[in-house]
Amino acid sequence: MIQQSTTSSYLAILLCLWKACITNSLIMGNIHTVGPNEALVVSGGCCGASSKTTVVGGWAWAWWLVTDVQRMSLEVMTLNPVCEHVETAQGVPLTVTGVAQCKIMTAKELLQTASEQFLGKTSQEVQLTILQTLEGHLRAILGTLSVEEVYRDRDQFASLVREVAAPDVGRMGIEILSFTIKDVYDDVEYLSSLGKAQTANVKRDAAVGVAQANRDAGIREAECEKASMDVKYNMDTKVEDNTRLYKLQKSNFDREINTAKAEAQLAYELQAAKTRQKIKTEEMQITVVERRKQIEIEEQEITRREKELIATVRLPAEAESFKVELVAQGQRTQVVEKARADAEKIKLIGAAEATAIENVGRSEAEAMRLKAAAYKQYGEAAILSLVFEALPKIAAEVAAPLAKTDEIVMLSGSSNFSNEINKFVAQVPPAIQALTGVDLSDVLRKIPGAK
């Protein structure tokens, strides 16, 4: 308990001392703040401190009695430098007015330099210092330029002034943001004289320009007219060429279109033929399938009928055939035996007839031998007698086919009829000789009194 109370006492003492220090500090100094458009310069301090503190847009602590706190504006300052009756390089007095925008630079070293030179001065005093510097440089530069250079090229004149004055004001911590020439004029009417001469020159040049323009306009108008006609003729030529090309191209397109149409028509017809052929093939396949099915059905029907015929016809027929075969075998045996008996009978009859025929043949042969001997004895007279006996039979046989003929037409003239008859009669002896071997003409010549 005693240790805890001692610790609490120490903490209370320390807290009291801290409060006392804070209170004394607030009583002995102050906190200063500054915006971004101002610079706060704190100088001095305890124990003879010589350092300066510069703050822009912040705060700083300052001790009472031993420190000094000052403010310096950083805003843009607008100056109007004026140089009256300043002689140029040509000795012409000019009055030049300008506008400059300046401000104190915020870089640490330059800000300290500006604070050393302008701290404690008012804004008007600072502006006056800068203005006098700018006017001095403006006067110095005007003495080196001609009136024409100053008047015609103001931007170059202003840039030259800014470049020359910038180092001097920069060493004071000042920055020239912009510098422009506002006005240039004189009291001796030098600029107006330049304007008049320039105006006269411009008017002269304008008159000359108008004349030249009119001349050039006439020439140009003629050239334009010529060019227009050339363009027109060229355009007409191009139009005709394009028309010709269009017609040629159109004819080519029409030919291609007609060719494509013909090809398409042929392709359509070919495809239609292929389709018809395919349909026909399918129909034939269907027909084949139908025929196959029909054949199968017919085969099944044939099989059924065969089975039916086997059951209703074949089996009964086989039974009947077997019956008939047995009967036929019995009849065949009977016929064979009968035929054997008949054959034996015919054999015996034939043998008897052969013996009779042999005897008859022998008799006829003997008769023929006797006739031949008689014919040989009688000679050609006997042969001629036999021929004459045979002629009526030959004539009957020759006339037999003609007896069946109703009419005979001789396709010949009346003068040739006797010739045809003679030819027909002349063919009779050769025919008789071919049939009998007897030359009828030779025999007739041997008859007494025949010629």
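A: Start with a term: helices (H or I, at least four residues) and strands (E, at least two) are DSSP runs, numbered from the N terminus. This is a predicted model, in which local features need pLDDT of at least 70 and side-chain atom pairs count only at pLDDT 80 or more, while totals for chains, interfaces and linings use all residues. Residues are numbered from 1 along each chain as its sequence is written, and side-chain values use heavy atoms, with hydrogens and water left out.

Q: How many helices and strands are there in the protein, and in which strand is Glu87?
A: The protein has 10 helices and 9 strands. Glu87 belongs to strand S7, residues 82-87.

Q: Is Glu87 buried or exposed?
A: Buried means under 20% relative accessible area, exposed over 50%, and partly exposed in between (1.4 Å probe, protein chains only). Glu87 has a relative accessible area of 52%, so Glu87 is exposed. In the protein, 16% of the 451 residues are buried.

Q: With which residues is Glu87 in contact, leaving aside its neighbours within four places in sequence?
A: Contact means heavy atoms within 4.5 Å. On that basis, Glu87 is in contact with Val92, Pro93, Leu142 and Gly143. Glu87 and Gly143 are 56 residues apart along the chain, and their C-alpha atoms are separated by 6.0 Å.

Q: What is the order of the strands in the open sheet?
A: Two strands pair if DSSP finds at least two bridges between them. The open sheet of 3 strands has the order S3-S2-S5, and its pairing is antiparallel. S3 (52-56) and S5 are at the edges with a single partner strand each, so one side of each has no neighbour in the sheet. Between S2 (residues 38-44) and S3 there are 5 bridges. Val41 has Thr54 in S3 as its bridge partner.

Q: Which residues are the closest to the centre of the largest pocket?
A: On a 1 Å grid over the protein atoms alone, a pocket is an open set of points where a 1.4 Å probe fits, with protein on both sides within 12 Å along at least five of seven lines; lining residues have an atom within 4 Å of a point. Grid points are joined across faces, edges and corners, and a volume is the space filled by probe spheres set on the points. The largest pocket has a volume of about 250 Å³. Its lining has 16 residues, and the closest to its centre are Met72, Ser73, Lys121, Thr122 and Ser123. S5 gives the most to this lining, with 4 residues.
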